[in-house]
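Good morning, colleagues. Please take a moment to look at the sequence and the model before I go through the helix packing and the charged pairs.

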Amino acid sequence: MNALWITLALLTAGFVGWPVTALVFRLARTIDDKADAARAAEDRAAADRAAEGSADDPSADVTVDKKAVDNVTSDKDATDKVTADRGTVDGEITVAADETREETGKAAGSPAHSTRILRGGAIIGVLERLAVCLAILTGQPVAIAYVVAIKGLGRFAELKETPVAAERFIIGTLASMLWAAGVAASVRVLFLN
């Protein structure tokens, strides 16, 4: 009977954990989008106040056309893309490699190609959850440190180059490991004692 519970725990931790992790990513993205939209609204309000103040200032050297400023600021959509320190990352896991264009000396007008970041994450996540679940079920929680170390070392170069990848890595790893640990601990306490 224990083999059945262990098998069910591994299957639940490994394969049901993927939709749970995807949901956590969606929640994190929603929170980031709301924060970006609020920040953009504040920036537009500050720009409007500055434009309004400089347009009314008789000692200003430059006259500002308030309608033109309003048209420019209303065209921006802050929630469409998140801008990182190096490149633009869309809602999924691709990055427009602006720095690659600059490094290769291509013209500024040439289209940027997209590079997929954190490739193989779904497969790695399943294996990670299986390893964490198995470590807890066998009473070897120290093995979780090995899983984290292997995963971190394997992704180090990619995480160093793309800050958004590092954020996704941390969110995904924590959500995935917490799910697997919760499933394993529940099965161990409820069914294996």
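Let me begin with one side chain: is Glu 158 buried, partly exposed or exposed? Glu 158 is partly exposed, since its relative accessible area is 23%. In these terms, buried means under 20% relative accessible area, exposed means over 50%, and partly exposed lies in between, with a 1.4 Å probe and protein chains only.

A word on the source. This is a predicted model, in which local features need pLDDT of at least 70 and side-chain atom pairs count only at pLDDT 80 or more, whereas totals for chains, interfaces and linings use all residues. Residues are numbered from 1 along each chain as its sequence is written, and side-chain values use heavy atoms, with hydrogens and water left out.

Now the overall layout. The protein chain contains six helices and four strands; helices (H or I, at least four residues) and strands (E, at least two) are DSSP runs, numbered from the N terminus. Along the sequence, their order is α-α-β-β-β-α-β-α-α-α. Of the 193 residues of the protein chain, 26% count as buried.

I turn to helix packing. Two packed helices are described by the angle between their axes and the distance between the axes. Here axes are lines fitted to C-alpha atoms, for helices over the stretch in contact, and angles run from 0 to 180 degrees between N-to-C directions.

Helix α4, residues 121-137, and helix α5, residues 143-161, have axes that come within 8 Å and cross at roughly 160°. The two helices, α4 and α5, are therefore roughly antiparallel, a label for angles over 145 degrees; under 35 counts as roughly parallel, 65 to 115 as roughly perpendicular, and the rest as oblique.

Next, the charged pairs. Side chains of opposite charge can pair when their charged atoms come close. How many salt bridges does a search of the whole structure find? The search finds three, where a salt bridge is a side-chain nitrogen of Lys or Arg within 4 Å of a carboxyl oxygen of Asp or Glu.

One of them joins Lys 151 and Glu 128, with the closest N and O atoms 2.6 Å apart. This pair links distant parts of the chain, as Lys 151 is in helix α5 and Glu 128 is in helix α4, 23 residues apart. Lys 151 counts as buried at 15% relative accessibility, and Glu 128 is buried at 4%.

Glu 158, with which I began, meets Arg 155 in a salt bridge at 3.1 Å, N to O. Both belong to helix α5 and are three residues apart, so about one helical turn separates them. Arg 155 is buried, with a relative accessible area of 9%.

Finally, Arg 39 forms a salt bridge with Asp 36, the closest N and O atoms being 3.0 Å apart. Both lie in helix α1, three residues apart, about one turn of the helix. Arg 39 is partly exposed at 46% relative accessible area, whereas Asp 36 counts as buried at 16%.
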